[in-house]
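Colleague: I have a few questions about this model. Please show it first.

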Amino acid sequence: MADHQNIYLLLSAILFTIGCGGVLTRKNAIVVFLCIEIMLGAVNLVFITFSRANTSPEGIFMVMCVMAVAAAEAAVGLAIFVLLYRKTGSINIDKFNLLKW
Amino acid sequence: MFDYVWLIPILPLVGVMTNGFFGRRIERSNKKLVHWIGCGTVGLAFLVTCLLFLKMLGLEPDKRLYDFTWFTWMASGDFSVAIGYQIDPLSMFMCMFVTGVGFLIHIYSIGYMWTDEGSYFRFFTYLNLFMFSMINLILADNFVLMFLGWEGVGLCSYLLIAFWFSDKANAVAGKKAFITNRVGDFFFAIGMLLLLVNLGKHGVWSLNFSDVFSHASLLSPGLITAICLLFFLGCTAKSAQIPLYIWLPDAMAGPTPVSALIHAATMVTAGVYFVARCNILFTMSPLAMQVVAVVGALTAFFAATMALTHNDIKKVLAYSTISQLGYMFLGLGVGAYAAGLFHVLTHSFFKALLFMCSGCVIHAMSGEQDMRYMGGLRKKMPITFYTMVIATLAIIGFPGFSGFFSKDEILWKAFSSPSGNSMLWLIGVLAAAMTAFYMFRLIFMTFFNECRASEEVKKHIHEAPKSMTFPLIVLAFLSIVGGLIGIPAALGGSNLVEHFLEPIMGLGAGKIFQDAAGTAVLHEAHAAAAHASYMTEYILMAITSTIVLAGVGLAYMMYMQKRTIPETLAQKFPVLYKLLLNKWYIDELYEWNVIKPLHSFSRFLWQVADVKIIDGFVNGTARFFMRCGGMLRNIQTGYVQRYAVTFVAGTVAVIVYYIFVLYI
């Protein structure tokens with residue numbers, strides 16, 4: 001059962017790094033958002049890999065939870081972007097520094 | 001019966017509460033109710049005092065001491081202070097005229113203050129508060145409660161001097177009185193603490209009068225002198241003696257009933273009362289007695305010289321009050337406590353009367369106080385005129401009037417008692433002559449000759465209303481007969497005052513407080529007094545009366561017959577005249593030597609010590625943290641991605657730490 005485990009984990013690591021890099025560098029809010037989804041996917045992949053390796057279902061439950069949260073997050077996040085765009089005409093996150101003191 | 005003594009202070013306090021809290025509403029709905037409450041409570045207090053007084057007269061002289069302890073005020077370890085009142089001849093004597101004269105002046109205030117819109121209730125509240133404090137002062141059975149009253153009357157004095165505070169001069173006068181009194185109170189409090197601490201060393205943790213006096217012999221003579229002198233400094237402020245008398249003339253800025261009640265009849269005699277109360281301590285310190293006598297005599301003399309040239313009717317009376325208080329202290333200082341207190345009593349009658357008459361005059365003259373613009377009021381205000389002449393005859397010691405007996409008693413004691421001497425007597429007699437001169441100068445300038453007021457003012461001159469003349473008549477009567485209770489033995493009287501006060505003074509006090517200290521001195525005094533013959537007393541009396549009459553005659557000549565004399569004199573002796581007119585430049589002396597340095601020192605403390613050092617320290621601390629915050633807040637840019645970078649960097653650092661440091 002331990003076949004290809006490392007490959008999955010490696011893939012997950014690569015996906016996570018890509019996602020992370022995207023979050024840190026991209027300026028378009030939607031792209032940043034997609035990158036976050038990639039990171040979540042990478043994490044899900046790890047969960048499933050270990051779940052299969054240990055033949056236990058907990059990892060799969062966890063993935064379900066993550067997907068549910070991600071869906072909700074997508075709904076809220078996209079709504080925010082729409083409103084941001086309507087208000088300011090841009091979703092370039094360099095233009096928003098509202099989280100200041 | 002004596003247990004009802006608490007009613008005396010509480011009744012005026014009820015007046016304070018009612019008028020103080022609801023006065024504005026009461027005044028708006030029914031102005032008369034304000035003075036009914038104000039006068040009624042004091043009247044009742046007077047009634048209670050009379051009853052207690054009569055009750056006490058029925059007791060044996062050496063049983064006339066009753067201590068009523070109401071409740072414990074404060075307690076600390078072995079030391080506790082009670083709200084307690086002491087009934088003895090001295091406190092009752094004081095209480096009788098304080099409530100009595102106070103009541104009359106309350107009635108007088110109705111007429112005087114009636115036109116004062118909106119602050120009528122405030123006036124009566126303050127007056128009642130004053131009565132409450134003053135009664136506490138004289139009835140208290142311990143130093144602390146007495147000090148409460150002492151401070152209370154000072155506060156009321158301040159409030160009432162500055163009663164019309166919208167005029168800045170009045171507010172300044174009030175402040176001057178208060179601050180001068182604080183200087184005295186400071187020394188007074190130190191004296192009290194010194195007494196407490198040193199008695200405590202001997203295990204007597206008490207400031208009750210009876211405890212203190214019966215253990216006074218435990219203290220060393222030097223200590224007692226120090227305590228007495230500190231107390232006396234407090235008294236010089238309250239009773240306007242050299243060197244702290246300067247506030248009293250300015251205190252005339254207050255309404256005239258206030259000048260009559262507080263600054264003539266009652267409050268300023270608190271110092272005299274206190275020295276008499278502590279007569280056991282003072283008797284044990286001949287030096288302190290000497291100081292009291294000399295200060296009293298000098299004050300009597302200098303204040304009289306200052307009164308000679310003043311043109312403000314109330315200022316003349318103010319200086320005469322200071323001068324008369326000087327007499328009282330002279331009496332106390334030579335060991336004639338009863339004589340001093342007798343003068344307090346008669347003085348409260350005739351000086352209150354003088355002030356109230358001057359109030360009527362000022363009222364009639366539409367607020368004018370300068371005697372140069374008065375004159376000829378005799379016909380227009382007959383009641384005021386006659387009562388004021390009676391009061392004047394009383395104050396100058398015209399034979400037969402009350403002032404004659406009390407003043408003569410003091411002068412006689414100043415001459416004959418072992419601690420007195422002819423020098424003190426001479427100063428006293430000179431002051432008496434000046435008193436006669438300036439008082440009759442006042443009468444002649446105000447009531448005789450032609451009226452020098454403007455036509456506008458002349459039209460309004462009228463006799464005062466009944467509520468004002470009634471107290472005048474009562475007090476005039478008392479000014480005449482008040483002296484009868486103290487006719488000296490030399491004139492065939494029995495000096496009731498002295499006998500009445502005997503149980504609490506000197507020898508008698510020694511008996512009551514079971515204390516041997518000081519009695520030896522007093523024995524000597526009594527023996528010496530017995531030796532002096534009546535002949536000397538008659539001669540001195542005759543000399544004093546002649547000199548007084550000469551003073552009156554001089555005033556008549558200068559202000560009735562040849563009215564150019566004063567001006568010629570002023571031109572001939574310009575230096576002396578200016579010196580007197582400017583009150584020996586004492587105020588200026590204080591201004592330059594005390595107030596100015598104090599001001600600049602305060603300014604230094606304010607602008608350097610406070611603003612630069614203390615504020616600098618506080619503001620500096622705040623500024624330091626502000627700078628730090630300013631630097632730190634640059635980190636928080638508000639860009640999400642920067643936060644994310646920090647976040648990732650942190651996570652990576654933790655992982656690296658785990659992998660490379662912990663596992664390898």
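Colleague: How many residues of chain B are in contact with chain A?
Modeller: This is a predicted model, in which local features need pLDDT of at least 70 and side-chain atom pairs count only at pLDDT 80 or more, while totals for chains, interfaces and linings use all residues. Residues are numbered from 1 along each chain as its sequence is written, and chains are lettered from A and ligands numbered from 1 in the order in which they are written. Two residues are in contact if their C-beta atoms, placed from the backbone, lie within 7 Å. Chain A contributes ten residues, and the number from chain B is ten.

Colleague: Which classes make up the side of chain B that touches chain A?
Modeller: Ala, Val, Leu, Ile, Met, Phe, Trp, Tyr, Cys and Pro count as nonpolar, Asp, Glu, Lys and Arg as charged, and the others, Gly among them, as polar. On that basis the side of chain B has five nonpolar, four polar and one charged residues.

Colleague: Is His310(B) buried or exposed?
Modeller: His310(B) lies in the loop between α13 (286-307) and α14 (313-333) of chain B; helices (H or I, at least four residues) and strands (E, at least two) are DSSP runs, numbered from the N terminus. A residue is buried if 20 or more other C-beta atoms, placed from the backbone, lie within 10 Å of its own, exposed if 12 or fewer, and partly exposed in between. His310(B) has 23 such atoms within 10 Å, so it is buried.

Colleague: What separates the C-alpha atoms of His310(B) and Tyr438(B)?
Modeller: Along the chain, His310(B) and Tyr438(B) are 128 residues apart. Between their C-alpha atoms the separation is 9.0 Å.

Colleague: How do α16(B) and α20(B) pack, roughly parallel or roughly antiparallel?
Modeller: Helix α16 (residues 382-396) and helix α20 (residues 466-481) of chain B have axes 9 Å apart, at an angle of about 30°. Axes are lines fitted to C-alpha atoms, for helices over the stretch in contact, and angles run from 0 to 180 degrees between N-to-C directions. Angles under 35 degrees count as roughly parallel, over 145 as roughly antiparallel, 65 to 115 as roughly perpendicular and the rest as oblique. The angle therefore makes α16(B) and α20(B) roughly parallel.

Colleague: Which residue in β2(B) stands opposite Phe71(B)?
Modeller: Strands β1 (residues 66-76) and β2 (residues 79-87) of chain B pair in the antiparallel sense over nine bridges, where pairing requires that DSSP finds at least two bridges. Opposite Phe71(B) stands Ile83(B).
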